[in-house]
Amino acid sequence: MPGLKITLLQQPLVWMDGPANLRHFDRQLEKITGRDLIVLPEMFTTGFAMEAATHSLSQDEHIDWMHSKAIQTDALIAGSAAIQSERGAVNRFFLVEPNGTVHFYDKRHLFRMADEHQHFAAGNHRVVVAWRGWRILPLVCYDLRFPVWSRNLNDYDLALYVANWPAPRSLHWQTLLAARAIENQVWVAGCNRVGTDGNGHHYRGDSRVINPQGEVIATAEAHQATRIDAELSMSTLKEYREKFPAWQDADEFTLR
């Protein structure tokens, strides 16, 4: 069964400067080959700014750049950006294939403690992306706190989170990533930023990849601009779910 070679880029972001951030990630991606999935942080061209959508690069500019990097690396390129859409400003998670296919998910849970809900429109549907034999559920930052939204309906193998998750709540980030893996019996990867943003918030990173039993198999050193690589095993996932089929006893419910 196919494995999935994943790379998470835990990096600082230049506040509200799209071209500078793209130049930075150009340099990071020059060094990367032989991967299936490369993940950038949430709002990777601006940082987590409420005014970002009105000052950001356009959707087409984001997609064109991500497509060029997907071709260059022969990988799925993933990351979220503040975008002006037909519904207004959205925090949109793009996943772009080398052939130009674009998938996207709009962040559903908006971080009210920063008034994100006052500036952005919430997404209203989940998205599962099929890629090289894997089913990937893209989610963004604050979504991590709401387990119903990420409940595995036997429709995905990897939950992929991008974030600007501040250092004071790093324990929550680490704990909830592991919880999502355990309760859903799936692989989980979380890519967070480092550095300090334009509002003075500091970020530790703590990006990591977690197996279906909640064990961390790869993690980035805190506060460091770095990358982490991991290879996810589909056979490990299937064997575990067969031997310990807790998923068969999950409660049934629907979201309205």
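## Close-up views of a predicted model

**Figure 1. Pairing of strand 1 with its two neighbours.** In strand 14, Gly3 has Ser233 as its bridge partner. The model shown here and in the following views is predicted. Strand 1 (residues 3–10) and strand 14 (residues 226–233) run antiparallel and are joined by 8 bridges. Strand 2 (residues 37–39), by contrast, runs parallel to strand 1, with 3 bridges between them; here Thr7 has Ile38 as its bridge partner. Strand 1, helix 1 and strand 2 together form a β-α-β unit that is right-handed.

**Figure 2. His24 in helix 1.** Helix 1 spans residues 18–29 and includes His24. The relative accessibility of His24 is 15%, so this residue counts as buried. Beyond the residues up to four places away in sequence, His24 touches Gln11 and Pro12.

**Figure 3. The largest nonpolar core.** This core comprises 48 residues, and those with the most contacts inside it are Ile6, Leu37, Leu158, Leu160, Val209 and Leu232. Strand 8 (residues 158–163) makes the greatest contribution, with 6 residues. Apart from this core lies another, of 22 residues, which includes Leu57, Ile63, Met66 and Phe94. In soluble globular proteins, nonpolar side chains tend to be buried together.

**Figure 4. Surroundings of Val209.** Neighbours within four places in sequence are left aside in this view. Among the residues in contact with Val209 are Ile6 and Leu8, as well as Trp187, Val188 and Ala189. Further contacts of Val209 include Val216, Ile217 and Ala218, together with Ile228, Ala230 and Leu232. Glu215 is also in contact with Val209.

Figure 5. All 6 of the 6 residues of strand 8 are buried, so the strand is largely enclosed by the rest of the structure. Leu158, Leu160 and Val162 point one way from the strand, whereas Ala159, Tyr161 and Ala163 point the other way. Strand 7 (residues 134–140) runs parallel to strand 8 and is joined to it by 5 bridges; Leu139 has Tyr161 as its bridge partner in strand 8. Strand 9 (residues 187–192) also pairs with strand 8 in the parallel sense, over 6 bridges, and its residue Ala189 stands opposite Leu160. From strand 8 the chain passes through helix 5 (residues 170–184) to strand 9 in a right-handed β-α-β crossover.

**Figure 6. Packing of helix 5.** Helix 5 has 15 residues, and the distance from its first C-alpha to its last is 21 Å, close to the 21 Å expected at 1.5 Å a residue. Its buried residues are Ser170, Trp173, Leu176, Leu177, Ala178, Arg180, Ala181 and Asn184. The buried residues of helix 5 pack against strand 8, strand 9, strand 12 (208–210) and helix 6 (234–243). Gln185 follows helix 5 and has a positive phi, near 50 degrees.

Figure 7. The Ser85 side chain reaches the backbone oxygen of Gly88 at 2.7 Å and the backbone nitrogen of Arg87 at 3.0 Å. With neighbours within four places in sequence left aside, Ser85 is in contact with Val90 and Arg92.

Note on methods:
Residues numbered from 1 in each chain as written. Predicted model: local features only at pLDDT ≥ 70, side-chain atom pairs only at ≥ 80, totals over all residues. Heavy atoms only, no water. Core = buried A, V, L, I, M, F, W, Y, C linked by side-chain atoms within 4.5 Å. Buried < 20%, exposed > 50% of the residue type's maximum accessible area, 1.4 Å probe, protein only. Helix = DSSP H or I, 4+ residues; strand = E, 2+ residues; numbered from the N terminus. Contact = heavy atoms within 4.5 Å. Pairing = 2+ DSSP bridges. Right-handed = clockwise from strand over helix to strand, strands pointing away. Polar contact = N/O pair within 3.5 Å; in protein donor to acceptor, adjacent residues only side chain to side chain. Expected span 1.5 Å × (residues − 1).
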